[in-house]
Amino acid sequence: MQRRQLMQWGAALALSPWLVRSASAGSARAAMAPAVPPDAGALGLVGSLPLPEPKRLPLERRDGALHGCLSASAVSLPLLPGRPATTFWAYNDSVPGPAIELFEGESLSLRFDNRLPQPTTVHWHGLPIPADQDGNPHDPVLPGQSRDYRFSLPPDSAGTYWYHPHPHGHTAEQVYRGLAGVFVVRSRNDPLAHLAERWLVLSDLKLDSDGKIAANSEADAMDGREGQFVLVNGAWRPRLALGRGERQRWRIWNATSARVLKLALPAHEVWLVGTDGGLIEKPRRVESLLLPPGARAELAVTGRFDAGKPAGLLALPYARGKMMGPEQDEALLLLDIEAGAAVETAALPSRLRTMAPLPKPALRRSVVFSEDMSNPAAMFLINGRTFDMDRMDFTGKVGVVEEWEIDNRADMDHPFHLHGTQFQVTERHDGRGWRREPYLAWRDVVNVPPGQKARLRFRQDLPGPRMFHCHILEHEDAGMMGTLDVRA
Ligand code: C2O
Ligand code: CU
Ligand code: CU
C-alpha cells in the first residue's frame, strides 16, 4: 500500500510547515491564506522546507506565577491547495501544540478549555508535579468544561518533557489527531547553555485517501498506529542547517503512538548528553539511539558531512514484534541536513552534572507484560489484568525507594512508563543474562523487547495515584495500565 499513498501524499506533506506557520499567525482562518506561498520545489516529494520552530505558549508573569491559556479544539488546516482541508484536534490551533518553557523553581498556572466532543485531560509527561494536577484519567475535563492546572517545578527538574491527553480509552485517538506539545524545564546553571538549540518533535501522520486523518485499523489497534509520514515539528522531511564543525544541542521527542525510533546521523559526530529527565553525568559518543514512544533525548551534534554518508537524520530499520503490520525494514529519512559555513564551536564540557545512584530499595515489585490474543476484551495485560480505574494495583509510600522489574513475556516490544517521577534503570536482561546499565540516567520510559526484562529504581516525592503503562498508546487505551497509590 504504502508506496502508492506516499507518492500521492508526498506533495501534500511538503506543505505541512503551513500547519506551523498558520498556527503562529494565531488562528485557524489564517491558515487559509499562508503568508509565504509554497514555491514549486516545495511541491516535490522531497520536502526540504526549512525546519519550522515549534510555536511558544504566551505566558504572563503575575503574582509569582506564569499564567497562560490552553485549549483543545478541532481546527481545519489545508495540506494541499484545491483539496479539502484536513481536520486536526489541536492545542491552541497548532500542530504540534505550543511549547512551554520554564526555569526550575517557577510556577505555572494554566487555564485549560476543552472544546473537543470527548472528555480529555492534560497530562504533563515526566514532570514531578502533584498527582491531582497531572491529568490522570480519573480527573476528566468534560466537553465544554474548563479547569486550571497549577504546579511548581522543583529544583533539579531541568529536562525535556511533553504534554498530551490522557482520558480513559481515548488517549491514542486524541494524540493522533494532533494533540501533543513539548515542555522544557531549564536550569540557571546549564553547562550547555552556550550551544545553539534545535527542538525536534517527531510525530506520526496517517491520512486516508480523502486526506482526512484515518481512523485506527485493526492492525493499528493491535500493533500501535504508524502513519505514512513521520513529521518533524509538523513538517514532512524538513531541512535544518548545520555548519561544518558547528556543534548544536538537539532535543528530540518521540511523540508517535507506537514507533520505536532507532535514530542515526551517519555523517556527523553525535554525543548523548541527556535523557528524559535532564543531562547525564558525562557526554557519551553514540552511533545510534533507540528512542521508544514517549521518550526524549538530548544530543550534541557536530556537523561533519563525511562524503559518502547520508547527511540527514535517519530512523534505521527496527522490528518490534508487530502482529499484523509490516516491520520497518528500510531506513527512513526524517530530516534533511544542509551543510552551512564552517563554524568553530567550543568543546563539550567533560562533566555535565553529578548524579547519585538511588540507594538499595526498601521494596521490590514485579510488573509482567503479557498478551492474550484469544480475548479481544483483554488482550494487553499487566500482571494478568487490564486497567481498572477503581482499582489501586500497588500501594507505595512517599520517599521510599522501590525497585521494579519489568518482565516482557509478550511477543511485542512494550515501552514501560511511570508517572510523577524519574527512574534509574539499573540492569537489563537480554534473554541470556543480566547486564548492568553502563551509565546513570533519569528516565520515565524504558523499552522492553519480548523475552527481556529491565530493573529500575525510583522514589515518589509526592502522594497520590500514579499511572504506569505501556506507552504504545493503543495498548494503554486497551488496558495495559495500572495505578500506584502513593501514600503520604
Ligand atoms: Cu505520556 Cu501516561 O503518558
Ligand atoms: Cu506520562
Ligand atoms: Cu505495548
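Q: Among contacts between residues at least 6 apart in sequence, what percentage join residues at least 24 apart?
A: The figure is 76%. This is a predicted model, and a contact here means heavy atoms within 4.5 Å.

Q: What makes up the secondary structure of the chain?
A: The chain has five helices and 32 strands. Of its 488 residues, 60% count as buried. The accessible surface comes to about 18800 Å². Carbon and sulfur atoms hold 52% of that surface.

Q: Why is strand E5 called largely enclosed?
A: Buried means under 20% relative accessible area. Six of the eight residues in E5 (residues 107-114) are buried, so the rest of the structure largely encloses this strand.

Q: Which strands pair with E5, and in what sense?
A: Strand E2 (residues 65-77) pairs with E5 in the parallel sense, over seven bridges.

Q: Which residues coordinate the copper ion (ligand 3)?
A: The donors are His414 (ND1), Cys470 (SG) and His475 (ND1), at 2.0 to 2.1 Å. Their spacing along the chain is H-x55-C-x4-H. His414 lies in strand E26 and His475 in helix H5 (residues 473-477), so this pair ties together parts 61 residues apart in sequence.

Q: Why do His414 and His475 count as buried?
A: The cut-off is under 20% relative accessible area. His414 has 0% relative accessibility, so it counts as buried. His475 also has 0%, so it counts as buried.

Q: Why is Met324 called partly exposed?
A: Partly exposed lies between the buried limit of under 20% and the exposed limit of over 50%. Met324 has 41% relative accessibility, so it counts as partly exposed. Its place is in the loop between strand E20 (313-316) and strand E21 (332-340).

Q: Which residues form a nonpolar patch on the surface?
A: Met323, Met324 and Met373 form it, with about 240 Å² of accessible area together.

Methods. Residues numbered from 1 in each chain as written. Chains lettered and ligands numbered in written order. Predicted model: local features only at pLDDT ≥ 70, side-chain atom pairs only at ≥ 80, totals over all residues. Heavy atoms only, no water. Patch = residues over 30% accessible without salt bridge, like charges linked within 9 Å, V, L, I, M, F, W, Y side chains within 5 Å. Areas by Shrake-Rupley, 256 points an atom, 1.4 Å probe, with all protein chains shown as cover. Salt bridge = Lys/Arg side-chain N within 4 Å of Asp/Glu carboxyl O. Helix = DSSP H or I, 4+ residues; strand = E, 2+ residues; numbered from the N terminus. Buried < 20%, exposed > 50% of the residue type's maximum accessible area, 1.4 Å probe, protein only. Pairing = 2+ DSSP bridges. Donors = N, O, S within 2.8 Å, 3.2 Å for Na, K, Ca; no water.
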